[in-house]
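Let's look at how charged side chains pair up in a protein. Please keep the sequence and the 3D view open as you read.

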Amino acid sequence: MLKIFLLFIILIVGIVVGPLMSGHQGYVLIQTDKLNITTSITGLVIIFLLLQFLLIFIGWCYRRLKRTSTFTHSWIFGGYKRHRAHSQTKQALLKFAEGDFKQVERLMARNADHAELPVVNYLLAAEAAQRRGDYFRTNQYIEQAAKVADKDRLPVDITRVRVQLAQGEIHAARVGVDKLLDHAPRHPEVLRLAEQAYSLSGDYQSLIDILPSMLKANLLSEEEILKLRQQAYIGLMNQVMAEKGCTGLKIWWKDQSRKIRNNIVLQVAIAEHLIECNDHETAQQIILDGLKQQYDERLLLLVPHLKANDSDAIQTTLSHLLKQHGATPLLNSTRGQVALRHGEWVNAESAFKAALAQRPDAHDYAWLADALDRLQKREEATQTRNKGFMLTLKRDSDVEV
């Protein structure tokens, strides 16, 4: 347009100035074999400008016609394909809700390149193929999605890790999760996949590290986070026990924070590991320290399994618990088992009778009978065993019914 405007300016100037120079226009001769053309310089300039204007107008008409033709072709053919892709995508979503994954894959993959969001079509097709167990097509669709994803590759990478976990490719999923956390450390779905990958791969320390982020993202409640943290630490215990033995496990436990060492669930777990590797003295110290801080029956149940020589410490702790929390059935039974283990038959008898007076228990009947045998009370021991036997038969019959 600027060129046309300049040409018009020059033309107007020529028309205005031309008559003023009528006496000084000059002479131009154009001669051919059969034709002689004569004109003034002013006329030649005007003819030249008109010719330029004509050429510009012809070029503009050509470009406009070409652009219109291209748009019409795109509208006729491309628009049809886009409309069809949109319709197939809607049908695929309905089939997805119905659970017909074969149709979902077929509809999503058709004309995916002409869909509004091709990457979504390919990813949903991959999800459908994975549901059908066709892992080859699943990976194929994911690669196609990666090609059309441009810069936003996060949905593709998330889908790839999700599929790897479903296929049991735990190591590959573990590597993929690490990369995802580098780019999107607070993304909810990334954290969910990380929790699965770390749990399945046994990377419990990494699992513990992402728990604060999971809590901030409201993926789990505080109670669920606590339970998951406890499971992760128990997994770490098992690994340390397998790799470094009892000595390494004790060193690891001492290196933990006070909050971890005061956790009842973890105290029970570490005590069970120490009893298993025959370190009863350390296990006894952990159990008794835990009972002094907080009365918990899970710790109390481990006391009869201790084989440490220092029985006085156990008896002192149990007597303190008895005064502080009262004579519970489990506490009386534990006192009886400890007394029985150390040959204190009279104390065992009184403790088991106190426990049975609060609730009947087949094991307590059997232990009481053993104590009565030691005290030469044969008849009472026989009656006690019969009561325990009848209680066992009654409970077995109730279970069968």
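Here is a short tour of some salt bridges, grouped by topic.

This is a predicted model, in which local features need pLDDT of at least 70 and side-chain atom pairs count only at pLDDT 80 or more, while totals for chains, interfaces and linings use all residues. Residues are numbered from 1 along each chain as its sequence is written, and side-chain values use heavy atoms, leaving out hydrogens and water.

**The overall count**
- The structure holds 15 salt bridges, each a side-chain nitrogen of Lys or Arg within 4 Å of a carboxyl oxygen of Asp or Glu.
- One network of salt bridges links E349, K353, K377 and E380.

**A pair within one helix**
- R160 and D157 form a salt bridge, with N to O at 3.1 Å.
- These two residues sit three apart in helix α6 (residues 154–167), about one helical turn; helices are DSSP runs of H or I with at least four residues, numbered from the N terminus.
- D157 is partly exposed at 25% relative accessibility, a class between buried (under 20% relative accessible area) and exposed (over 50%), using a 1.4 Å probe and protein chains only.

**Pairs that tie parts together**
- D203 and R174 meet in a salt bridge of 2.2 Å, N to O.
- D203 lies in the loop between α8 (188–201) and α9 (204–216) and R174 in helix α7 (residues 170–183), so this pair ties together parts 29 residues apart in sequence.
- Both D203 and R174 are buried.
- R385 and D370 form a salt bridge, their closest N and O atoms being 3.0 Å apart.
- R385 belongs to helix α19 (residues 378–400) and D370 to helix α18 (residues 362–374), so the pair ties together parts 15 residues apart in sequence.
- R385 is partly exposed at 36% relative accessible area, and D370 is partly exposed at 33%.
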